[in-house]
Amino acid sequence: MISFGLFETFGAGLLILGFGYLLSKLRIFSVLCLPAAVLGGVFALSVLVLFSHFFELKISFDESLKESLLLAFFASLGLGFSIDFSKKSNFSKNFFIFLGLCAFIMVLQNLLGITIISLFDKQKELGIIAGSISLSGSFGMGAFWSEVLKTEPHNITNALDISIACATFGALFGSVLGAPLGAFLIEKFVLKKENSRFESKEKSPSQKELGNELGNALVLFFSKKELKNTIISALLLAFCVLCASVIKLFISLPTIIFALVFAFMLRVLCYFFGINLAHKNLALLGNFCLALFLALALMSIDLKTLLDIGLPLFVLLCLELVLMLFFVFFITFRVFGRDYEAALLSSAQCGLCLGATPIALANLEKLELRFFSSKSALAILCLSGVFFIDFINVLVIWLFLSFL
């Protein structure tokens, strides 16, 4: 066993992310629109599995870095939120539609899970574990409900292992399929930004700058003009992460909520006092943190747990994957009007309801880098994924368990 500390983990993450960017330039991966973090993370995971199998060498990474990176990313979203956009845009209707569709897919995930597991003559609760608990809820929700399902009257002693395996499956395929699905919809239906109901057809300046991530990142760190803004942006993100971590000690809620809310409050104060923030720098630093988080998360996946999941659950998860793809293609995409934002939200929902909010955001970011930005889609996803999805999922799970 080799344990990597904070700095070793950070260095390994940078190498993996850099290799992922190189792979993303290959035509096959560029066409599929796979994020660089996913390519690098999956490659690193494959190498680690080979080392573990042939050389019996297992490597563990520092988990604290992942949380800090995720908090920094959500802080960048709060600091970069457009006040003018929030005043002018009328996306509340679409937000509630998206939230309703997510709730609907959670119900379908559990119904499918209970049905398939019943055919294998297994406990029906296993269908819910492999349903919205692990897929829409990911690892955190799985850990919470595993403690409940261990007790009477459920008595599923290995609930945590099952939920981890199912969440791993969802995170892996939510990452691999989300962005390619959105790219497929955009190209198949020739969707352009002028077809959008929300925004103009031009790319925003920040997204033009983000087109070449590595090149612009080097400019930010080595250009005298940009270095000052980069340092200030990094300090602001660090301040928001620190404040969120401190508040977490007193209030028992997910830390990312505090990071996003505190950063948004800081953004409002800057707006009223006429202080200009370096949005380009904040966006690049935030996207870098998200990419590094995703790369580290993917290469930390325990594939052995996934392989030990068993035939009934494997069949169920494959069917859940088919259900998700069917749902976003035939329902979500069409409900939102088959336009550009509909394709982005379909891709985001694939990541959100198979993996987690960071995976959905990574899918959305990759599509925006290749095509056009969409503040409306980003706002809808952030509000849904950070503030409401988990609460709705808890209600859905509780209702299903109460009727079993």
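At what angle do helix 14 and helix 18 pack, and how far apart are their axes? The model examined here is predicted, local features being taken at pLDDT of at least 70 and side-chain atom pairs at pLDDT 80 or more, whereas totals for chains, interfaces and linings use all residues. Residues are numbered from 1 along each chain as its sequence is written, and side-chain values use heavy atoms, with hydrogens and water left out.

Helix 14 (residues 279–299) and helix 18 (residues 357–370) pack at an angle of about 125 degrees, with their axes 10 Å apart; axes are lines fitted to C-alpha atoms, for helices over the stretch in contact, and angles run from 0 to 180 degrees between N-to-C directions. Helix 14 is therefore oblique to helix 18, given that angles under 35 degrees count as roughly parallel, over 145 as roughly antiparallel, 65 to 115 as roughly perpendicular and the rest as oblique. Helices are DSSP runs (H or I, at least four residues) numbered from the N terminus. In this packing, N287, L290, F293 and L294 of helix 14 meet P358, I359, L361, A362 and E365 of helix 18, where contact means heavy atoms within 4.5 Å. These contact residues divide into seven nonpolar, one polar and one charged (Ala, Val, Leu, Ile, Met, Phe, Trp, Tyr, Cys and Pro count as nonpolar, Asp, Glu, Lys and Arg as charged, and the others, Gly among them, as polar).

The structure holds 13 aromatic pairs, defined by rings of Phe, Tyr and Trp (its six-membered ring) with centres within 6.5 Å, planes under 30 degrees apart counting as stacked, over 60 as edge-to-face and the rest as tilted. The rings of F98 and F336 have centres 6.5 Å apart and planes at 50 degrees, so this pair is tilted. Because F98 lies in helix 6 (residues 92–119) and F336 in the loop between helix 16 (311–335) and helix 17 (340–354), the pair ties together parts that are 238 residues apart in sequence. Both F98 and F336 are buried (under 20% relative accessible area, with exposed over 50% and partly exposed in between, for a 1.4 Å probe and protein chains only). The pair of F169 and F173 is likewise tilted, with ring centres 4.6 Å apart and planes at 40 degrees; both residues lie in helix 9 (residues 159–188), four residues apart, about one turn of the helix. F169 counts as buried at 6% relative accessibility, whereas F173, at 30%, counts as partly exposed.

Helix 7 (residues 125–133) is mostly covered, nine of its nine residues being buried. The elements covering the buried residues of helix 7 include helix 6, helix 8 (138–149), helix 9, helix 16 and helix 19 (375–403).

Notes
Helices (H or I, at least four residues) and strands (E, at least two) are DSSP runs, numbered from the N terminus.
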